[in-house]
Structure formats: structure tokens, C-alpha cells
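Student: Could you take me through one part of this structure closely, namely the salt bridges and the residues that form them?

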Amino acid sequence: MTKNFLSLLFLLLFSFGIINAQKKAITHNDYDLWKIVDKTKISNKGKLIVSEIITRTERGDGYLQVYNTKNKKTERFFNGSKSAISHDEKFVIFLKKVKYQTQRLEKKNKVKKEDRKKEVLYIYDAENNVIYDSITRVKSFKLPKKNSDYLVIEKFKNPKDSIKGDSLPAWKNNYALVYHLNSKQRDTLFNIKDFVVSEEGNTLYYTKKHEKKKKKAKGVYAFNTVTKANTIIDTTRYDYKKLAVNKQGNQLAFIADRDSTKTDSVPYKLYLYKDNSLKILADNEAAVFGKGQTLSGTKKLFFSENLKRLYFYTKVKSIHEKDTTLLDDEIPQVDVWNWQDEITQPRQKVNKKDLEEDNRMYVYHINENRIVNLQDDSIDEVELYDKYMKTYATGVDYSPYAIETWKMPWERDIYAINLETGEKKLVLKKVQTRMDISEDGNYGIYFDISTNDWISINLNTLAKHNMTQSIPANFHDVENDVPAPASAYGSGGFNKNGNLLLYSQYDIWEVSLDGKNQPKNITKNGKKNKIKFATMRLGENPWLATYVDGKLLIKGFNEKNKATGVYLLNDNGKLKEKIKPDSYLIMDFKKALEADVLTFTKQNFNIFEDVHVTTNDFKSHAKITNVNPHEKDFKWGTAELVSWNAYDGTKLEGIVYKPEDFDASKKYPMITYFYERNAERLHNHYSPRPSASTVDKTYLVSNDYIVFVPDIVYKTGQPGDDAYNCIVSGVEMMEKTGYIDSNLMAIQGQSWGGYQVAYLITKTNKFKAAMAGAPVSNMTSAYGGIRWGSGLSRMFQYEKTQSRIGTDLWDGFDLYVKNSPLFHLPNVETPLLIMHNDNDGAVPYYQGIELFMGMRRLKKPVWMLVYNNEAHNLRKMKNKQDLSIRMMQFFDHYLKDAPAPIWMTKGVPRSEKGVNLGYELDKS
């Protein structure tokens, strides 16, 4: 018996070894194999689920998958994308992209854009499981949201077409087809410029291109898709734009340009087309808006959900005019910085498009023929979710505190603006929070960061009610470790009884806005079981919590094992577990609008996030995609949760990633990656991909590295030492396991993690190599720098947020110096690879230069990769591929004794840039 058991055990181990030996290690050439689910859509009644699958690197082809929940059948369409499902669930319309290799060849051969192959539109008949029709050379299409009779297809001009019937030959311009789904009939609209379709109606509105000035529209028209009647709405103006239609399709608004000379002080007019009649709104601008404003020609128009309102914008007239007598080379080019500017010059530059006009919002009450101003000079922005707002909008005024951008969150005054009258009420003064308006329109809701409570305000009486003061639970982030006030855990929307659902650290509490009902913990045992509960809002109304079979849908994140569960709460308060939180991260929930059909993804480190569906209230669920079946052919790994005590006694968690054929008797090289807290990502799946800035955990374990990801917690004023306290203590814990080679360890981080890499190598020589992406090296110079992506001064980061110094440069000068790697570079003995790109919008590029030049001056081994016109994290796939190769060549050299590449040993001269990549290994 024992002999047979040993023989069987040997056979199993032998077989396991053969299977693993047959698996391939991931290489940089394999990235293009992996695909992702880009989008998933569910038809209104849940019959059809459409998933768009693309190649992650975009260097390959994908497919469109249609899953039928009734017959459980799946259809795939090569390179299908940009899909739409008809409201009656009969058809799926999609575009078939041109093959990737065809596109690449056309670019390589420099084929003109107009001569390149174009996308083909396909109409799939889901009832009969056949391709119903196809149309070539399609630019775009629009399908009405709730009308299944037709769609509008915009086609590229085609010299081979022989279509006649317009003042210009059809091939000279793009044109549109009105395609009737039931009959396949097509109506052609020539020279089309812009068009809009309504959600429900049968009328299509469009403009035509001007014969000579193609960027202008020569008229606006209506086409009835039932009667085929084509109506001229207006052709008397110079240009038409900003078409907007209500959901029923019986009202159109647009802006028309009066003439081509631009000498008129009122260049634009706002029109409303209703009941076959065209009407100018606010014809006398001075009387309606005052002499200082005129209609905006750049902001969009939109109708309210209840069809009673049309929203539009004016702009404040400039008091200055350009001196046209001067040549361009006679006008000085200068940015004038003024210390009293509310918005600094860099922010003005970044937001140039938005700031070109000083806009004001208005509403036109259609049935009453009345215009109301919603935004006077004191309101910086109007927060309007009109689809569900009934009485008030929120107005925000930042101006009294606008200069003080070093505070975070920014201070503001908040007003309630009456949509009927335009009257505004000051609701909150000098607060650092936002205010939402309740679904019924009667209350303002906000989180008071001074008391960590949720407050409701009756917007009619301005009476306040503290909704959480009597609740024995924390509603603010208790793990907050930045010098700014803690944020709230959030809101779960309104339940079907009209009560608000609020999140404490673990549970969901039902509260009434008027305080008449006592708060109630509806999940009860979240704190006891360490499960963080949250509702989902999957419907059209973002305020309302989602129900399945009349029961409240809830997800729960188990803090102990980092897994997600799914629950349903009935009206009697019983919480039933539908999917146990065991070993998966479950997310990306979607729901059919008119049925209890839901999709979601399930993943862990070993299992890709394929789409699953449930049609029976989570009694069961099934996987309906299989996006990356080839993963089984590659060496993967495992993810394990570990814990230890930092040097100061703080209990910490982290993740260890091991090769799947891990052998505890062996010694492995280890790379430690970090960025604040990551333990909650234990079950995240990481498909191999070219790196935007960080190491690829899956690539590393596939190539026999151990990866350690420790959590980091902070105290104010010592971010560098806090990193040392948490990271190095965790690394020492890993060394004690016995399977880490202490002589072959490295660290890597990006941005804030890059800063910590740079700091750590000034404090310890434990690591054989280090890689820092976009690191701050000198906090004294970075403090006064600019985040060029937003134009904001970086001061707020140090005083209030991530950098955690907690004071300004002058009061805390010693802290800025102490925490700056630059001032401690003589201590460094670790070879360092830096990436810092010359268009970094978050951390100024010169921070990387200061670090590189300092180490070079001290004759310490350092390299820096500067990707041209690239952002904080790489965006271009060619550069991601390059970084992945160089970063692993760097680590393989120091941790696996591989030969160093030429770019490390001899460099790449600028004269050979783009010709000699320096990848070759220097075996000399």
C-alpha cells in the first residue's frame, strides 16, 4: 500500500514537472498575444450581451462577441467594434475595423488617408443568427436609443460612386444613409456636415456643407424617417452649429452665425424649432443678457429630461480688441504673471480652451417662453444634473479663496440656484467639500470634514440636520495619513423608500434626510466580519441604488482575504450571500435596464477577468468569454498575502508573487515594488503588457523572480523615513523566509514610488540595483514647481497631500532637506536607472536631471531614459516596449549576472538615436 502510494506520488510529481517544463516563460515578444474586454453592453431586456475584445497593445486584431442569454449561443465577428444594440433586441450593429497588418502596411507605404481602406458596417440579425446586411466605407453611425426602426450611417466620399441628384457630385463630400432596419431601404442625404438623432422620435436633423467653405454649414434640415419628407428649416444664415434635439425628437435647438464679416456685435442667434415653426430666442440680447454679454458659439445646448427646459450659454464680451494695424512680428509675445491673479498663467495655459470665454448659463422655459439666468458673475460653475433635478442646481464660487491653491481640498462657497426663478441662496460658506442635491430636489447633502458627519440641508428653509452624529461608526477614512482632512467613505445613493444610504468603514446605514426616522444599519455585521459593504448604482439614474428581484444589490470586500462577495438584502432586512468572498475580485457590474440580467468580471492573479452573466438573481452564474485561452501555455505564478511588523511596531500587509514552480529550497532574486498601499490588490490579474512605468509582476515570476509589494503607512513630516520603516522591514522579513538571495535584491517604483526608491538608496546599501521612474529628488525646488499637466503649483502636495511634509518650505525647511534624496547622494552605492520624460505633466523633468547630474558628479553608476514628448507614464506603445526591454536588461544584469547591454556599457550617441537602440549585449 505504502509502496503504491509513493509510486503514485512520484508519478504525479514527475507529471507536474513535465507540464511545467513544457510551459514557456513570457518574453517581450509575447505581449501582443494578450487581449482585453474593452466594452460590454447588455440589451434593454437582457437577451443580448455584446463584448468588444481588443488586443491590449493595439498591435493586433480583435473580435466582437454576441452572447444570447435565451439560447446560450455565442457568435464572434472578426475585428468588430463600436457596437450598438437595437432597442427591440433584434439587431446588433457594429463596424469591422481594417486588419492591423493592413493598416500598418498602408502607413509604411505612406498611403494617403483618403485612399486607405475604410471600416465596414455590419448588421447582425440576432433572431435569425445571420448577417442581415453590410455597408462599406463607413465613417460612423448613430442608432436611436429607443427607436428600432432606423439608423443613420455617415459614409466617406467615394470617387467610384455614381450617385446623382445634388448640386455637387456626391463623391466630393461625405454623405449619409438613413437605413431602415425592417426593409433594408436606404435614403441618401448628400453633403452632410452634422446630424443628430433623438432617443425616441422619427425625425433626423442635419446640416449640409457649404459649397466653398467646407467647415461651414449652408442650412439646417429635418428628415422624417417614416414619411420620407425632407424639410428645410432654414438656409438664410451663414453657418449653423451646436444642434441639440430633445428625446422625443419634436424640438430642435441650434446656433446660427448671422454673416461672414464678423462685424456685427451680435454674431450668433439661438433658434428653437418646434411644431414646424422656427423661433429666435433672446432676439434682443441687451434686454435679456445685458450689454456685457452675447450668445456663446462654442458651448453645447441641451434639453432637460422633462422636455420643459433648454439650457444654453452666453459669454462676457471682451473690452479689448486686437490692433489689426500691427504685424504679428510687431506684437510682443509675453505671459504676464501677477501675484493677485486668481488663476496662474500655467493654469490659464492648460485650460485655455475653457477660459477663452467667460461663460454664463441660462435656461429657457419652453412652455412659458421665459429665459432665466442661472449663473451671475459670482458663480464660477453650475453643477447641473438636470436629467433628475427638479428644483435646484448647485452653484460654486471659488473666487474668495482662489489664490490659495496650496490648500486641499480647495475652499469654496456653495449656493442653491432655483431653476424656475434663478434666485440663489448661500448654503455653505468657506467649506472644503461639495454639495449634492437629493433625488427629490428638496435637500442639499454634504460631508462635514470638520466633524466627519453627513449633513442634510432643507433648501427651502436652509435648516440643517446631522444625519450621522448619533451613529457609533466612522464615516471618514480612518486610514487617512495625509495632512489634509479625511474624506468620506461615500454614499450608496437612495433606496426605493427614498432614504439615503451612507457608508461607514464597513457597513451601510439607512438615514432619512429630514431626521424623522432613526438611522439603521442595514448590513449589521460588516464591522464584526471585516467586510466593507457597498451598494451599486447600475441604472440610468445615478442617484438610485440597484435592486434585483426587488432586493437591494450589495457587494462586499473581505478585508481578511481581499476577496469580493455579492449579496441581496430583502425588505425584511435579511442579507443573503449569493457569491461567497473567497478567492476572487469581482467587479465591472452591468445590468439590463428592464430585466434582472447582470454581467460582471471575476479575476485573481491566475485567472483572467472574463465576463460572467447571471439571469436568475445570482443563484448561478456562467463565464461567457474566454479571452486569453493561451495563458495556460505560459509559466505563471502565485500571489500570497503576508504580514509583518515595521520597525516602529506597526502591523503591515503585503503581497508576495512567486513562480508557479516555486521551490522553497532554492534561492531567488527579488524585486520589491511599492506605491502606498497595495495589499487589497491581492486578487488582481495582471496580463503581460509593455510597461508604462513599473515592473510587470507576471513577467517577473514567469522568469523566476520573486516580487514583493509591501504596504506603506505614513506620519506627517517624514515620508522618506516612513518608507524605510515599512519597506526595508518587509524586505528583511522576506530574507528570513530562506528562499530570497540577499545579495540579489532590487527595488523599483514610479512617481511617488520613484521618489522613495531614490530616498532609500541614500539610506541603505542592501539593494544590488534600483530603478526610479519620475522621481522627485529635491523637495526644495519641487515645492515651487508646476504640475504642467494641470498648471497647478506643487505646493499643495507637500503641505496637504501625498508628499506629507505638512508645512510650507520656510517653516519646514529642515524637513524638506532631510527628505530630499539629492542632499544625501554621497551615501549612495546602488546602481540606479531613472526614467524621466521631457513632457512629464506631474513631476517636473528637471527633478530627474538633478538626480542624474548629482550622481554623475559623484561618479556613481546611473542611467536615465528620457522619452521625448512623453508624459508622466508612457503612452506610446513603442516606448512602453522599449522601457520593458531596457528595465529588464538592467535588472537581469545585476540580479542574474547577464551581460550588460551596449546602452549601459557604452551608451547611445545622439547621432545614432533611432538607429542604434543599444539592446545588444556587451559580452566583452
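Tutor: Asp 571 is exposed, with a relative accessibility of 62%, where exposed means over 50% relative accessible area, buried under 20%, and partly exposed in between (1.4 Å probe, protein chains only). This is a predicted model, in which local features need pLDDT of at least 70 and side-chain atom pairs count only at pLDDT 80 or more, while totals for chains, interfaces and linings use all residues. Residues are numbered from 1 along each chain as its sequence is written, and side-chain values use heavy atoms, with hydrogens and water left out.

Asp 571 forms a salt bridge with Lys 496, their closest N and O atoms being 3.1 Å apart; the term stands for a side-chain nitrogen of Lys or Arg within 4 Å of a carboxyl oxygen of Asp or Glu. Because Lys 496 lies in the loop between β33 (491-494) and β34 (500-503), and Asp 571 in the loop between β40 (563-569) and β41 (575-579), the pair ties together parts that are 75 residues apart in sequence. Strands here are DSSP runs (E, at least two residues), numbered from the N terminus. Lys 496 itself is partly exposed, at a relative accessible area of 45%.

A further pair is Lys 623 with Asp 610, whose closest N and O atoms are 4.0 Å apart. Asp 610 is buried at 4% relative accessibility, whereas Lys 623 is partly exposed at 47%. Elsewhere, salt bridges that share partners join Arg 309, Glu 368, Arg 370 and Glu 420 into one network.

Terms used. Helices (H or I, at least four residues) and strands (E, at least two) are DSSP runs, numbered from the N terminus.
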